[in-house]
Amino acid sequence: LDIYPDQVDFMQFIPVSATQTVIREIAYVHPDTPSGASREMNAARHLNWRINRQVNAEDTVLIEGVQQG
């Protein structure tokens with residue numbers, strides 16, 4: 001469960017072998033107004049995407065190190 005300013009993510013990690021895992025994920029977001037997302041919400045979504053991309057890359061390095069060690 002991840003909680004962000006712009007959305008909530010639910011994830012399920014399912015091991016399928018000794019070396020592979022399937023990740024099931026769904027995100028729920030607050031509905032935008034009929035005219036579209038506010039500038040603040042767009043900014044929050046953009047920042048969330050940038051931060052998560054960096055964190056995911058760091059997590060991948062950590063996981064690969066654990067798997068090797």
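Helices (H or I, at least four residues) and strands (E, at least two) are DSSP runs, numbered from the N terminus. This tour follows those elements through a predicted model, in which local features need pLDDT of at least 70, side-chain atom pairs count only at pLDDT 80 or more, and totals for chains, interfaces and linings use all residues. Residues are numbered from 1 along each chain as its sequence is written, and side-chain values use heavy atoms, with hydrogens and water left out.

**First stop: Asp 9 and Gln 7**

Please select strand β2, residues 7-15, and find Asp 9 within it. Gln 7 belongs to strand β2 as well. Show both side chains: a polar contact of 2.8 Å links Gln 7 to Asp 9. A polar contact is a pair of N or O atoms within 3.5 Å; within protein, one must be able to donate a hydrogen and the other to accept it, and residues adjacent in sequence count only if both atoms are side-chain atoms.

Next, display what surrounds each residue, where contact means heavy atoms within 4.5 Å. Not counting residues up to four places away in sequence, Asp 9 touches Leu 1, Asp 2, Tyr 4, Glu 25, Ile 26 and Ala 27. With neighbours within four places in sequence set aside, Gln 7 meets Asp 2, Ala 27, Tyr 28, Val 29 and Asn 48.

**Second stop: Arg 45**

Move to Arg 45 itself, in helix α1. Its relative accessibility is 22%, so Arg 45 counts as partly exposed. Beyond neighbours within four places in sequence, Arg 45 has contacts with Asp 6, Val 29, His 30, Asp 32 and Ala 37.

Return to strand β2 and select Phe 13. Is Phe 13 buried or exposed? Phe 13 is exposed, because its relative accessible area is 51%. Apart from neighbours within four places in sequence, Phe 13 is in contact with Thr 21, Val 22 and Ile 23.

From there, step to Val 22 in strand β3. Val 22 counts as partly exposed because its relative accessibility is 40%.

**Last stop: the largest pocket**

Finally, turn to the largest pocket, which holds about 480 Å³ of space. It is lined by 19 residues, and those closest to its centre are Phe 13, Ile 23, Asn 56, Asp 59 and Ile 63. The elements giving two or more residues to this lining are β2, β3 (21-29) and α1 (39-68). Helix α1 supplies the largest share, seven residues.

On a 1 Å grid over the protein atoms alone, a pocket is an open set of points with protein on both sides within 12 Å along at least five of seven lines, and lining residues have an atom within 4 Å of a point. Grid points are joined across faces, edges and corners, and a volume is the space filled by probe spheres set on the points.

Terms used. On a 1 Å grid over the protein atoms alone, a cavity is a set of points where a 1.4 Å probe fits but cannot get out, and a pocket is an open set with protein on both sides within 12 Å along at least five of seven lines; lining residues have an atom within 4 Å of a point. Buried means under 20% relative accessible area, exposed over 50%, partly exposed in between (1.4 Å probe, protein chains only).
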